[in-house]
Amino acid sequence: MSDTRRRVKVYTLNEDRQWDDRGTGHVSSTFVERLRGISLLVRAESDGSLLLESKISPNTAYQKQQDTLIVWSEADNYDLALSFQEKAGCDEIWERICQVQGKDPALDITQDPIDESEEDHFEEIPETSHLVELPACELGRLEEIADLVTSVLSSPIRREKLALALMSEGYIKKLLGLFRVCEDLDNREGLHHLYEIVRGVLFLNKAALFEVMFSDDCIMDVVGCLEYDPALVQPKRHREFLTKTAKFKEVIPITDSELRQKIHQTYRVQYIQDIILPTPSVFEENFLSTLTSFIFFNKVEIVSMLQEDEKFLTEVFAQLTDEATDDSKRRELVNFVKEFCAFSQTLQPQNRDAFFKTLANLGILPALEIVMGMNDLQVRAAATDIFSYLVEFSPSMVREFVMQEPQQTDDDVLLINVVIKQMICDSDPELGGAVQLMGLLRTLIDPENMLASTNKTEKTEFLSFFYKYCMHVLTAPLLANTAHDKTSKDQQEGSTKINPVCPDNFQTAQLLALILELLTFCVEHHTYHIKTYIMNKDLLRRVLVLMNSKHTFLALCALRFMRRIIGLKDEYYNRYIIKGNLFEPVINALLDNGTRYNLLNSAIIELFEFIKVEDIKSLIAHIVDNFYKALEPIEYVQTFKGLKGRYEQEKDRQSQRLNRYRRDARSLDEDEEMWFNDDEDDEDAEATEKRMEDDFSDSYGKFMEAKKGAANAANGANNGKAAAIAPASPVVSPNSSPSSSVKTVALPPTCVVKPTLVVGLVDYPDDEDEEDDEEEEDQSPRKRPRLSS
């Protein structure tokens, strides 16, 4: 590694109290799953092997020495040290250690060192012993108490001792008594000290102290102490909010007093953590971990106690679905169920499963179907949150419920249709609720989370149900906003006129963009159903009307829908696009965009680039045949010239294939036809064979005469037929019998019969072989033997 800042030597202390060098490497701090925490790792620079793997423990005392050395102890009598090559690297790792432990990097030691004898002595001390000498709980010593509490926060051991001391003497209640006195006397200095004391006690992070501080007797005084932050000019009014503004509503009377007390306590402690206490710094974030756990387990206990009270939950759902329940009461019931589901997130997975199954058995989904159709916006928003918890927990449970509905009700009140209508009718200008509902719908129609049950029919059955009963509701706004589009033939090509049908309303455009996003998801994940729907409704044509929208994001959504369809490389889709001439609105949008270099321009060019790269022949031919003249002037990219090139290549390939087919289909090629034209007297196979024998005899006779010097080249050319055959006739040895097999091959059309004699005047021993070779070289590969005997 080139980073010398992290270059270190690893040392361990041996039994003789001497440091042993374990090797040189590079150090890093990272989370190690096996150790469940941030750890220091050192890998050897020689071979990358692991020299050190040490988890940064919150209670381990690390010490920085001499600017380049970090020393600490692990287990018993096992001391380690890292010696850094550079000070910067040492400082970087030291800051990481301090961050994990919640310490100030300015210190040179992260914990107070304790020798063995002191630690052993501490373990033997009973809990009731006075480990820290606490000052008397008096008004005059509040500053001293505040200094003591603040000083112990940096040492885990001293924090432990102080917590035990505070518990053993009932010190907390005495301090809270002083708070009431200071407030009566309007003693601001004392109240500021009490703020520091109570805040410090919370940072001791001890559950036993929390039980005392958050009891019914003490919690409001604790809140009162935390109102007097010295940094504020005027104290906050937290107690007034908790007692007067925040009202506890029992939608159904809770008879269990313990449960009621637990709910009150949890709300107030959550308020302390979220509202009163300042956001902890990086050095304090571990101080309140027990407070977070305290709230967590309270919520688990509340959910468990409510779940066990069957009468309570039964009554909640009975009133929720009762038509006689007034709107305000129903609103409170829905908000209660929402909070109940939110608390359930603290449960372990197996307990959460049992919780949602209980809700399902009690009729949560039929109840949601009713309340989601109400006009009250608050009720609908709370119902949407509940529905999201259910879909996140088990999409299959929701799908199973909705597929049973058509047998009992009409399409308009189906749960999914109610959800779709709420998405469409969202009154929020930013469509926050619609976005949330669209995400839930996508989860429900996602085949990836459909269970592979024994009969494996969930995917088929649910998608058939959705496209039969729900898809028309989802696409209704899209079809309505593109219904009257007739691409005006009189509209000039390249015109920038906006189609009046396209929605100019921003909120409507956003809604159509959401619907298109969902339809695009369907194209990607549903094969048969969405294809059938697109063809039957001519959906792509309607979508491409939106290419004229003044809202570029909507035009891009329409283009993305078409891009996903083309990306499937399905010839069924391709034929549909060609037949409908559906590239026209896309190309018009490109031309209308002019020379502007923007996202729309790039997206359209990428669409055509994809078609070119993937060589989708049918679409390439359609584009070039119909639109190349309009696209030819676009030269700042080579996409359209590339399409033309692909088109020409395919055209040439088809032409060659056609010619090859025609040649192969004919029984004879042109050369053979020439030969047969010469031999037009040949009527059948026997006559041809006889003529061949005669020709051979004539040729052989002339050959022998030439060998004797009794003939010349002109005499050999007198006979037309013999001349045509002679050059192609093989050289025959004098010893060959006339009955030997002969292969006569026709010359290609380019060959011209030479008037000179084929055979030399002098018979050299090797002439026959050379002539054979020359004749073989002259013959075309396409030549075929005409006859053989």
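Predicted model: local features only at pLDDT ≥ 70, side-chain atom pairs only at ≥ 80, totals over all residues.
Residues are numbered from 1 along each chain as its sequence is written, and side-chain values use heavy atoms, with hydrogens and water left out. Local features require pLDDT of at least 70 and side-chain atom pairs pLDDT 80 or more, whereas totals for chains, interfaces and linings use all residues.

The protein chain contains 35 helices and seven strands, taken as DSSP runs numbered from the N terminus (helices H or I, at least four residues; strands E, at least two). Of its 789 residues, 42% are buried, where buried denotes under 20% relative accessible area, exposed over 50% and partly exposed the range in between (1.4 Å probe, protein chains only). Contacts are defined by heavy atoms within 4.5 Å. Among those between residues at least 6 apart in sequence, 66% join residues at least 24 apart.

Two packed helices are described by the angle between their axes and the distance between the axes. Axes are lines fitted to C-alpha atoms, for helices over the stretch in contact, with angles from 0 to 180 degrees between N-to-C directions. The axes of helix 12 (residues 310–321) and helix 15 (residues 364–371) come within 9 Å and cross at roughly 30 degrees. Helix 12 and helix 15 are therefore roughly parallel (angles under 35 degrees count as roughly parallel, over 145 as roughly antiparallel, 65 to 115 as roughly perpendicular and the rest as oblique). F317, L320 and T321 of helix 12 meet I364, A367, I370 and V371 of helix 15 in this contact.

Helix 21 (residues 471–481) and helix 22 (residues 506–525) pack at about 130 degrees with axes 10 Å apart, and are therefore oblique to each other. Residues contributed by helix 21 include L474, P477 and L478, and those from helix 22 include L511, L512 and I515.

I424 lies in helix 18 (residues 415–424) and contacts V473, P477 and L511, neighbours within four places in sequence being left aside. P477 and L511 also take part in the contact between helix 21 and helix 22. The C-alpha atoms of I424 and L474 are 8.2 Å apart, at a sequence separation of 50 residues. I424 is partly exposed, with a relative accessible area of 22%.

Helix 17 (residues 395–404) is mostly covered, with seven of its 10 residues buried. These are P395, S396, M397, V398, R399, F401 and V402. They pack against helix 14 (349–362), helix 15, helix 16 (377–393), helix 18, helix 19 (432–444) and helix 20 (458–469).

L431, in the loop between helix 18 and helix 19, has a positive phi near 55 degrees and is buried, at 3% relative accessible area. N581 is located in the loop between helix 26 (571–579) and helix 27 (584–593). Its phi is near 50 degrees, again positive in a residue other than glycine, but N581 is partly exposed at 26%.

H238, in helix 9 (residues 238–245), is buried, with a relative accessible area of 9%. Beyond four places in sequence, H238 contacts V223, E227, Y271, I275 and I276.
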